[in-house]
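Please load the model in your viewer and keep the selection panel at hand.

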Amino acid sequence: MPNPADAAVPPRVDLEPSPALSIIENGPESFRGRKVGVLVSDGVDAAIFEQLRSAIETEGAVMEVVAAKVGGVSAADGTQIEARHMIDGGPSVLFDAVVLMLSEPGAELLAKEAAAKDFVSDAFAHCKFIGFTPQAEPLLARAGVEADADEGLIRLESEEAAEEFVQACRKLRLWAREAAVKL
């Protein structure tokens with residue numbers, strides 16, 4: 001590699017941080033235009049899935065479904081949910097926030113998948129908000145993430161919880177987690 005060019009003016013290191021320029025303190029007021037990756041499995045609760053979809057779309061965000069197989073999944077009520085991504089090709093880094101919407105058997109199967117564990121652990125390490133149904137806790141545990149680790153992990157058990165998740169996502173990241181995941 002060539003040597004870097006000399007700076008025309010020496011950089012200043014004596015300036016105080018500017019609150020006016022802080023992305024963290026001056027973030028957007030909505031989650032509009034952002035993407036939520038929703039990892040689903042066969043047997044997922046269709047009603048909670050639709051509540052989440054409604055809350056995300058009402059916010060103006062985009063929901064993209066991730067599944068273990070290209071064809072998608074069958075919800076508990078028999079409806080088919082199409083997947084846009086297969087877990088091997090839809091890592092959490094593609095999304096601004098993630099949701100784990102799984103059935104108990106689905107969580108047990110995904111807990112054995114390296115890509116699914118990475119989906120969760122990477123989202124946590126990147127300080128993303130993570131919504132999850134209680135059935136997804138085995139996958140959280142296998143990824144090394146405690147379900148009650150911080151306020152960025154949000155249980156989705158009701159329509160109100162879906163709204164709370166989307167409202168939390170407006171912060172874009174849970175920066176308070178950064179100290180716990182960085183060396």
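This is a predicted model: local features need pLDDT of at least 70, side-chain atom pairs count only at pLDDT 80 or more; totals for chains, interfaces and linings use all residues.

Residues are numbered from 1 along each chain as its sequence is written, and side-chain values use heavy atoms, with hydrogens and water left out.

**Stop 1: the whole chain**

You will find six helices and eight strands, where helices (H or I, at least four residues) and strands (E, at least two) are DSSP runs numbered from the N terminus. Starting at the N terminus, the order is β-α-β-β-β-β-β-α-α-β-α-β-α-α. The C-alpha trace spans about 65 × 40 × 30 Å along its principal axes.

Now switch to a surface. The accessible surface is about 10,500 Å², with 52% belonging to carbon and sulfur atoms (Shrake-Rupley method, 1.4 Å probe). Of the 183 residues, 42% are buried, meaning under 20% relative accessible area with a 1.4 Å probe, protein chains only.

**Stop 2: the largest pocket**

A pocket here is an open set of points on a 1 Å grid over the protein atoms alone, where a 1.4 Å probe fits, with protein on both sides within 12 Å along at least five of seven lines; lining residues have an atom within 4 Å of a point. The volume is the space filled by probe spheres set on the points, which are joined across faces, edges and corners.

Next, colour helix H2 (residues 104-110): this helix gives the largest share of the lining, three residues. By class, the lining has seven nonpolar, three polar and four charged residues.

**Stop 3: the second largest pocket**

Move on to Ile23, Ile24, Gly27, Lys171 and Trp175. They lie nearest the centre of the second largest pocket, which is lined by 13 residues and has a volume of about 240 Å³.

**Stop 4: threonine 133**

Finally, zoom in on the loop between strand E7 (130-132) and helix H4 (137-142), where threonine 133 sits. Is threonine 133 buried or exposed? Threonine 133 is buried, with a relative accessible area of 5%. Show Leu100, Met101, Leu102 and Leu156 too: threonine 133 touches them, not counting residues up to four places away in sequence (contact means heavy atoms within 4.5 Å).

Key. Ala, Val, Leu, Ile, Met, Phe, Trp, Tyr, Cys and Pro count as nonpolar, Asp, Glu, Lys and Arg as charged, and the others, Gly among them, as polar. Buried means under 20% relative accessible area, exposed over 50%, partly exposed in between (1.4 Å probe, protein chains only).
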